[in-house]
Amino acid sequence: MGVLRVVCFDLDGTLFDHRGSAQAAASHFFEDLGVAVTASALESWFAAEDEHFERWRSGQISFQEQRRERLRTVLPPLGYRLPSDLEGLDALFDRYLSLYRAAWRAFPGSMSLLHELRGRGYRLGLLTNGAEAQQLDKLARIGLDDVFDVVCVSERIGVHKPDERAFLTLAHELGVDASECLFVGDDQAHDVAGAQSAGMRGLLIDNYAEGAADIETAVLAFVSESRDAR
């Protein structure tokens, strides 16, 4: 491994509290539709999100279609009658999106971690799967839009995590070798294994695990150990 010069991050679930934001939004969305807000209803929402987002990531359906499929999967079994036309479906999902956007928030410690790393001389990168407009909007909304040296969104670069080409594109845009990068993410397969396949270090964090170290503590401990190991 080369000397660690760059610390790179995933966005959703790592720096950005996607699940907390989406759960708040889905709860309000169901209430507005007259659907009972239960644990099983919310679980079905997140299961559908995982399923259909992965279908988009693997190229089976379009980004807009994965949104429609989430509505088709979740709402009819809960007793809600969907619009019969695509325009109506899209307008319905836009109602959810407005609630989701209003609930966007970073995890505690995200901002201070990034500034601490910058102060220690590390360059910063971001690699996220998703639509570029929405991911950049998230960064702006939570105050992280001017922190990174490079931001790679899968829609722009044309390849998704865990494909090693996504990580190599990030390293290339940063102007460093992959061996000089640490990648921090919340998904073992998409983030850590994907980064390692490209020659990066990988660090798995879990912001939702009870008793787990917060992201700031975990990342700073890792970079300190990497420095001391030189």
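Biologist: Which residues of helix 2 meet helix 3 in this predicted model?
Modeller: From helix 2 come Ser44, Trp45, Ala48, Glu49, His52, Phe53, Arg55 and Trp56. They meet Phe63, Gln66, Glu69, Arg70, Leu71, Thr73 and Val74 of helix 3.

Biologist: How do the residues of that contact divide into nonpolar, polar and charged?
Modeller: Into 7 nonpolar, 4 polar and 4 charged.

Biologist: Is the crossing left-handed or right-handed?
Modeller: Helix 2 passes helix 3 in a right-handed crossing.

Biologist: On to helix 6. Which of its residues are buried?
Modeller: Gln134, Gln135, Lys138 and Leu139, in a helix that spans residues 132-141. For each, the relative accessible area is under 20%, the cut-off for buried.

Biologist: How do you know that the buried residues line one face of helix 6?
Modeller: Look down the axis of helix 6. The buried residues fall within an arc of 140°, so they line one face. An α-helix has 3.6 residues a turn, so residues three or four places apart point the same way.

Biologist: What covers the buried residues of helix 6?
Modeller: The cover includes helix 3 (63-74) and helix 4 (86-102). Strand 2 (123-128) and strand 3 (150-153) also belong to it.

Biologist: Which glycine follows helix 6, and what is its phi?
Modeller: Glycine 143 follows helix 6, with a positive phi near 85°.

Biologist: Why is glutamate 173 called partly exposed?
Modeller: Its relative accessibility is 32%. Buried needs under 20%, exposed needs over 50%. Glutamate 173 lies in between, so it counts as partly exposed.

Biologist: Where is glutamate 173, and what does it touch?
Modeller: Glutamate 173 is in helix 8 (residues 164-174). Leaving out residues up to four places away in sequence, it touches Val150, Cys152, Arg156 and Ile157.

Biologist: How far is the C-alpha atom of glutamate 173 from that of valine 223?
Modeller: The two are separated by 22 Å, with the residues 50 apart along the chain.

Biologist: Why does arginine 227 count as partly exposed?
Modeller: Arginine 227 sits in helix 10 (residues 215-228). Its relative accessibility is 39%, so it counts as partly exposed.

Technical notes. Residues numbered from 1 in each chain as written. Predicted model: local features only at pLDDT ≥ 70, side-chain atom pairs only at ≥ 80, totals over all residues. Heavy atoms only, no water. Buried < 20%, exposed > 50% of the residue type's maximum accessible area, 1.4 Å probe, protein only. Helix = DSSP H or I, 4+ residues; strand = E, 2+ residues; numbered from the N terminus. Arc of directions from axis to C-beta. Contact = heavy atoms within 4.5 Å. Left-handed = near helix turned anticlockwise from the far one by under 90°. Nonpolar A, V, L, I, M, F, W, Y, C, P; charged D, E, K, R; others polar.
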